[in-house]
Amino acid sequence: MRILLAEDDKTLSRGVTVLLEHDGYIVDAVADGQDAVTFAERESYDCIILDVMMPGLDGLSVVRKLRQSQNNAPVLILSAKGSLQDRVVGLDAGADDYLPKPFAGSELRARVRALLRRRTEYTPNRLTFADLTLDTGTCELSCAEKRIILSRRAYQVMEAFMRNPRMVTSPEQLMERIWGWDSEAEIHVVWVNVSFLRKQLTALGSRAFIKTLRGTGYSLEEQK
């Protein structure tokens, strides 16, 4: 499952990311409210965690924008403001839960699990294309009776393709979306993961394949 975390405190953001990744979630972390809106519009998240006080847009403005655009992903607000009135304002803005700072990591994880349980009641946890199925909960890619568990990064690349099949995606777009340009990774990690996924599609015997468009990018296609 994929979580968007918007928190401008780098230390806290890293700590929360480590906690959630330890539980098996894929976490996209941003430090700006406007970036949170951009990421939420571009990707499908199972849960969104928002700090209130952020540059660009504050967390309450972010959740209002998400709800106005019909984005129904569960939202957990994090805030140093923990009064009853602050919690009421956050929930009325469209958040599903509100956790005052400082908080225990165990409580954050429990609240995320509770939000995701509600989410799975109405959100499919499988993506399909051609004869492929990608389980967003287990990172399992399958074709007929064959299946493989993908690494976190390979899963993220495959998920990007399967959410937008036949759409051309450049290596730079994948780099920004998955690794982030502020990471220490270099563009070759995209090529490595695409090459790995091609081998897995062949091993699975799938009709789906990743097509290269020279000078443009990649697209997930189906052999006729």
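These exercises work through selected local features of a predicted model.

Residues are numbered from 1 along each chain as its sequence is written, and side-chain values use heavy atoms, with hydrogens and water left out. Because the model is predicted, local features need pLDDT of at least 70 and side-chain atom pairs count only at pLDDT 80 or more, while totals for chains, interfaces and linings use all residues.

**Exercise 1. Helix α1**

Task: Work out which residues of α1 are buried and what span helix α1 should have.

Solution:
1. Helices (H or I, at least four residues) and strands (E, at least two) are DSSP runs, numbered from the N terminus.
2. The expected span is 1.5 Å times one less than the number of residues. For the 13 residues of helix α1 (residues 10-22) this gives 18 Å, and the end C-alpha atoms are 18 Å apart, which agrees.
3. Buried means under 20% relative accessible area, exposed over 50%, and partly exposed in between (1.4 Å probe, protein chains only). Ser-13, Val-16, Thr-17 and Leu-20 are buried in α1.
4. Down the axis of α1, the buried residues fall within an arc of 105 degrees, so they line one face of the helix. The arc is that of the directions from the helix axis to the C-beta atoms.
5. An α-helix has 3.6 residues a turn, so residues three or four places apart point the same way.
6. Thr-11, Arg-14 and His-22 are exposed on the face turned away from the buried side of α1.

**Exercise 2. The surroundings of Asp-32**

Task: Find which side chain of opposite charge is nearest to Asp-32 and which backbone nitrogen atoms the side chain of Asp-32 reaches.

Solution:
1. Asp-32 lies in the loop between β2 (26-30) and α2 (33-42).
2. Lys and Arg count as positive and Asp and Glu as negative; His and the chain ends are not counted. The nearest side chain of opposite charge to Asp-32 is Lys-65, 11 Å away.
3. A salt bridge is a side-chain nitrogen of Lys or Arg within 4 Å of a carboxyl oxygen of Asp or Glu. Asp-32 is buried and has no salt bridge.
4. A polar atom of the Asp-32 side chain lies 2.7 Å from the backbone nitrogen of Gln-34. The backbone nitrogen of Asp-35 is reached by the side chain of Asp-32 at 3.1 Å.
5. Neighbours within four places in sequence aside, Asp-32 is in contact (heavy atoms within 4.5 Å) with Met-54, Pro-55 and Gly-56.

**Exercise 3. Salt bridges**

Task: State how many salt bridges the structure holds and describe the one between Arg-111 and Asp-97.

Solution:
1. The structure holds 16 salt bridges.
2. In one of them, the side chains of Arg-111 and Asp-97 meet at 2.7 Å, N to O. This pair links distant parts of the chain, with Arg-111 in helix α5 and Asp-97 in strand β5, 14 residues apart.
3. Arg-111 is partly exposed at 21% relative accessibility, whereas Asp-97 is buried at 15%.

**Exercise 4. Backbone exceptions**

Task: Identify which peptide bond from Lys-101 is cis and what phi Ala-144 has.

Solution:
1. Most residues other than glycine have a negative phi, and most peptide bonds are trans.
2. The peptide bond from Lys-101 to Pro-102 is cis, with omega near -10 degrees. Pro-102 is in the loop between β5 (97-100) and α5 (105-119).
3. Ala-144, not a glycine, has a positive phi of about 55 degrees. Ala-144 lies in the loop between β8 (140-143) and β9 (146-149) and counts as exposed at 66% relative accessibility.

Technical notes: Polar contact = N/O pair within 3.5 Å; in protein donor to acceptor, adjacent residues only side chain to side chain.
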